Amino acid sequence: MKNKLIISLDVPNLRTAERLVDELSPLVEIFKVGSQLFTATGPKIIDLLHKRKKEVFLDLKFHDIPHTVAEAARAATRLGVFMFNVHGIGGLKMMQAAAKATEGEAEKLKIKKPLILGVTLLTSFDEQMLKETGVSKQIDDYVLYLAQEIKKAGLDGVVASPQELRFLRENLGESFIMVTPGIRFPRASSGEDDQKRIATPKEAIKNGADYIVVGRPIIAAESPKEAAEQLISSVRSETSDKAL
Ligand code: C5P
């Protein structure tokens, strides 16, 4: 694994995405395409990234009946993405259907199977918000429950908040992939946006994240390239991590 940094292309159109990709290209190997950009551009953004030899995390968080999610998983596999995700709250059957369809499609096309991640609880949730959705479990218990279901379904890993990395690692083992958003620079004041369960890049890597997903701290910076360089050197200097 050359790179642990995933940049989230949360921008409105192909032109803005292209500018960002070209600026960050020397520093970043994996870009995340989410619902905003994919809805605007369709597979054009995937082609653009593949032409530049970049890997794609397709972050569409599929959550539907098992048949529909299986077909969406097949379509994601045909796009040749490196990883994509489904919601853990979609249930075991839905996740198993996604895993089976992905394996089958990759085999048929003779390509490498994309990694499939399960989303546990969005990093924008806090205890109060979880209660409001009718779930009476504590955040940690709920996240662990979902992560265990995700593993049971045969998915490759989870998307989880940096604050849950350690106990998830203890409970799910070394080979389960952990991808974490909710990354904020040390000086950013808390409560400035919707992310609640956050950590600095250094903390997330130290706590065992295989990949960190960073959006606004880099893409909304005055100079995204300088912000990315700063992030990479902060992680390297403190953790001797050479993977970034
Ligand atoms: O701008 P920011 O760094 O908060 O971006 C985080 C990205 O990660 C967003 O694209 C968001 O949709 C995504 N994400 C998340 N929490 C999850 C899964 C994905 O924040 N559980």
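This is a predicted model: local features need pLDDT of at least 70, side-chain atom pairs count only at pLDDT 80 or more; totals for chains, interfaces and linings use all residues.
Let us begin with two helices. Helix H1, which covers residues 14-24, packs with helix H3, residues 44-51, at an angle of about 20°, and the axes of the two helices lie 11 Å apart. Because angles under 35 degrees count as roughly parallel, H1 and H3 are therefore described as roughly parallel to each other. The crossing in which H1 passes H3 is right-handed. If we ask which residues of the two helices meet, we find Leu14, Ala17, Glu18 and Val21 on the side of H1, and Lys44, Ile45, Leu48 and Leu49 on the side of H3. Sorted by class, this contact of H1 with H3 holds six nonpolar and two charged residues, with no polar ones.

We can now turn to the largest pocket, whose volume is about 550 Å³. It is lined by 29 residues, and those closest to the centre of the pocket are Lys32, Asp59, Lys61, Pro181 and Gln195. Which element gives the largest share of the lining? That element is E3, from which four residues come. As for the classes of residue found in the lining of the largest pocket, 11 are nonpolar, 11 are polar and seven are charged.

Key. Residues are numbered from 1 along each chain as its sequence is written. Side-chain values use heavy atoms; hydrogens and water are left out. Axes are lines fitted to C-alpha atoms, for helices over the stretch in contact, and angles run from 0 to 180 degrees between N-to-C directions. Angles under 35 degrees count as roughly parallel, over 145 as roughly antiparallel, 65 to 115 as roughly perpendicular and the rest as oblique. A crossing is left-handed if the near helix is turned anticlockwise from the far one by less than a right angle, and right-handed if clockwise. Contact means heavy atoms within 4.5 Å. Ala, Val, Leu, Ile, Met, Phe, Trp, Tyr, Cys and Pro count as nonpolar, Asp, Glu, Lys and Arg as charged, and the others, Gly among them, as polar. On a 1 Å grid over the protein atoms alone, a cavity is a set of points where a 1.4 Å probe fits but cannot get out, and a pocket is an open set with protein on both sides within 12 Å along at least five of seven lines; lining residues have an atom within 4 Å of a point. Grid points are joined across faces, edges and corners, and a volume is the space filled by probe spheres set on the points.
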